[in-house]
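Open the model in your viewer and keep the sequence panel beside it. We will go from stop to stop, selecting one thing at a time.

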Amino acid sequence: MIKIVKRDQPSKAIFFFTPVLAIFLTLVAGGIIFYILGFKPFEALKFFFIVPIADRYGFSELLLKATPLCLIAIGLSFCFKSNNWNIGAEGQLTFGAIVSGGIALLFYDQEGFYILPLVILAGAIGGMIYASIPAILKTYFNTNEILVSLMLVYVSKLILDYLVVGPWSNPEGFNFPETRQFSDSARLPLLIEGLRIHAGIFLALAAVVISWFVFYKTYLGFQMKVSGFSLKTAKYAGYKGKKMIILVFLISGACAGLAGVGEITGPIGQLHREVSPDYGFTAIIVAFLGRLHPVGIIFASLVVAITYLGAETAQIFMQIPKYTGQVFQGMILFFLLASDYLLFFKFKFIDTKK
Amino acid sequence: MIIDVNFVGLIIASIMASAVPLILASCGELITERSGVLNLGVEGMMIIGAISGFALMTVTGSLIIAVFGAMLAGVLISTIFAFLTQTLITNHVATGLALTIFGIGISAMIGKNFVGIPGKEFPVLFEGLKDTIPLLSPILFGHSIVFYFAFALPFITSYFLKKTKVGLIVRAVGDSPESASNQGINVKLVRYACILYGGAMCGLAGAYLSMIYTPQWIENMTGGRGWIALALVVFSTWNPIKILIGAMIFGGLTIIQFHMQAIGVRIPVQFLTALPYLVTIIVLVVISRDSRKIRLSTPSSLGKSFHKDN
């Protein structure tokens, strides 16, 4: 007879094994969905997960998509670790893009080494300002941060829409909903000629290193961990809860804002309506899949970035609807959460003859 | 200027019509939350309901099958959430988010073949009485059955929670799962039921959007209504009657937006579109500021997993 028994302690090995299990189960379930839709499952999975990254260009695109995901997820891990549910990173990304784009547009006809640092700084500040709204409302007005941060996503997209259609639209742009092109000095340098991968990847890597340091080597990291486990304990230990809430929101806002900068000064080069294909939401999945661990998040961002590329490739070659990407993302999170059961419980074989 | 009373009646009726999906989804979620479960998947369940209703209507041609099918689809998708949060004891917030992402993706996938197909006309009740009473006629008569159901639902929900034994059990499970369990109540079973009921109501809310309110399938057509419905539950301080008031305010904001544009008010359209979201934030701040009141009315175990060791 098999009995389910609670583990005395969550298993560390399984903690890092379940994300792999979740990805495997997603592939199996994805194959089944493809089969139901009338596609050959193995061929579809090949076009989805292997073909897009099989060449140099594909690999560069993978890094291009993984960069914002990684950056945002690192920021979110600060929030999630300390029990703050910031799910509005998409809005913070958009607002960061708006502020940094505004600065870049001020210098649209100028060149200079100082422009790019200003633009990057503006993006981080923009993201922080936007993230501070749910943080302040949560700490001082007791307002639910989930709903506020999410409502602000819609608002930020409407602000962007207003700007690119109205006051910021390109005067020579035949009324297209887009701004002028930024000057070359406001663009992140490309790493390899002919590929789209840009220097934004260093921002993401820097975030990984800094977050690792903060999580595991500082008092703040310890406080966050304790608050994540139990808010009561944190209060008892005398941690300044409000300060920490605002700080983690600011950090995650800055990361999302920087991801926005990376998009508009990297591949896009101007502001238009769609600065992000929901990176801010997808990064939530990346953060969980990476177990809120900086290194885990790197791997997770690469895996989830494939779902973006795969969706495009599969649409072109097999006419598989592109939303399959989102379906995969949702499934990864479902399976990950489900396999967490193994963390706390184990199956035990019991001899019933005794 | 002479104000035509019937025109005023029509505006009120259109505000009520746009409040319908919010009322349905909020009342469903309210029951789920009253049992202690926070399901953030409302948006996902609504959009699944929207595409299921529209697809079934197009394929089978039967409105009844479509409406009940949409509710069933809501139930099925919420079963995933129920299984994960209740049986596998996963985090409510993360699971709800996954449900929304998954729902939006899968609805777009199914809906690919239904874009651009015109909807069917949904029968309305009491159409003959439409011109009998000035002002009141357009408000009272000539609506779909879902409309009438939605406006009855808050009262039914209130009665259910306050006056019936099952309602008492739901509240007990939400406020103190331990004591409920000690009284011999199967906490998980009750929560399963409440989650599935919430799924059914969200499915119905979605079907109303795609079959009655704007009879067609558009990707992402719920457009954040699921999240506003979630905010409404907080706004109502878990009291179904207040959901009615909140939904009317938000319905009003949506309708005002159309009329302001029609009159030619020189406010950017994006600002008017952002109004419901901004008002949601402001309302949440005002309601939540009184932390004592919120703490008293929030189901005590909301969002917390319950597991009984055997």
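Start by selecting Asn175 in chain A. Asn175(A) lies in the loop between α6 and α7 (200-217) of chain A. Keep in mind that this is a predicted model. Check the backbone here: phi of Asn175(A) is near 60°. That is a positive value in a residue other than glycine. Is Asn175(A) buried or exposed? Asn175(A) is exposed, because 9 other C-beta atoms lie within 10 Å, and a residue with 12 or fewer counts as exposed.

**Same loop, another residue**

Stay in the loop between α6 and α7 of chain A and select Phe182(A). Phe182(A) counts as buried, because it has 24 C-beta neighbours inside 10 Å. The cut-off for buried is 20 or more. Which residues does Phe182(A) touch, leaving out those up to four places away in sequence? They are Ala104(A), Tyr108(A), Arg187(A), Thr265(A), Gly269(A) and Gln270(A). Phe182(A) and Leu106(A) are 76 residues apart in sequence. In space, their C-alpha atoms are 9.1 Å apart.

**A helix with a kink**

Select residues 115-141 of chain A. This is helix α5, with 27 residues. From its first C-alpha to its last, α5 of chain A reaches 38 Å. That is close to the 39 Å expected at 1.5 Å a residue. Where is the kink in α5(A)? Look at Ser132(A), where the kink is about 30°. Then step past the end of the helix. Asn142(A) follows α5(A), and its phi is positive, near 65°.

**Where the chains meet**

Colour the two chains differently. How many residues of chain A are in contact with chain B? There are 36 from chain A, in contact with 40 residues of chain B. Four helices of chain A each supply at least two residues to the side that touches chain B: α5, α6 (145-165), α11 (279-289) and α13 (324-339). Colour that side of chain A by residue type. Its residues divide into 25 nonpolar, eight polar and three charged.

Select α13 of chain A. Its 16 residues should span 22 Å at 1.5 Å a residue, and its end C-alpha atoms are 22 Å apart, which agrees. Of these 16 residues, 16 are buried, so α13(A) is largely enclosed by the rest of the structure.

Next, select residues 345-349 of chain A, strand β2. This strand is hardly covered: among its five residues, the count of buried ones is zero. To see one pairing, select Val5(A), which stands opposite Lys346(A) in β2(A).

**Chain A as a whole**

Zoom out to chain A. It has 14 helices and two strands. Its radius of gyration is 22 Å, close to the 20 Å that the globule rule gives for 354 residues, so chain A is as compact as a globular protein of that length. Along its principal axes, the C-alpha trace of chain A spans about 85 × 60 × 35 Å. Buried residues make up 51% of the 354 residues in chain A.

**Over to chain B**

How many helices and strands does chain B have? The counts are 13 helices and zero strands. Its C-alpha trace spans about 70 × 45 × 40 Å along the principal axes. With 310 residues, a compact globule would have a radius of gyration near 19 Å, and chain B has 20 Å, which agrees. Of those 310 residues, 49% count as buried.

Select Gly96(B), in helix α4 (residues 92-111) of chain B. Gly96(B) counts as buried, because it has 27 C-beta neighbours inside 10 Å. Leaving out residues up to four places away in sequence, Gly96(B) touches Leu38(B), Asn39(B), Leu40(B), Gly41(B) and Phe81(B). Gly96(B) and Leu38(B) are 58 residues apart along the chain, yet their C-alpha atoms are separated by 7.9 Å.

For the last stop, select Asn220(B), in the loop between α9 (187-213) and α10 (225-235) of chain B. Its phi is near 55°, a positive value in a residue other than glycine. Asn220(B) is partly exposed, with 13 other C-beta atoms within 10 Å.

Conventions:
Residues are numbered from 1 along each chain as its sequence is written. Chains are lettered from A and ligands numbered from 1 in the order in which they are written. This is a predicted model: local features need pLDDT of at least 70, side-chain atom pairs count only at pLDDT 80 or more; totals for chains, interfaces and linings use all residues. The expected span of a helix is 1.5 Å times one less than its number of residues. The bend at a residue is the angle between axes fitted to the seven residues ending there and the seven starting there. Two residues are in contact if their C-beta atoms, placed from the backbone, lie within 7 Å. Ala, Val, Leu, Ile, Met, Phe, Trp, Tyr, Cys and Pro count as nonpolar, Asp, Glu, Lys and Arg as charged, and the others, Gly among them, as polar. Two strands pair if DSSP finds at least two bridges between them. The radius of gyration is taken over C-alpha atoms; the globule rule is 2.2 Å times the number of residues to the power 0.38.
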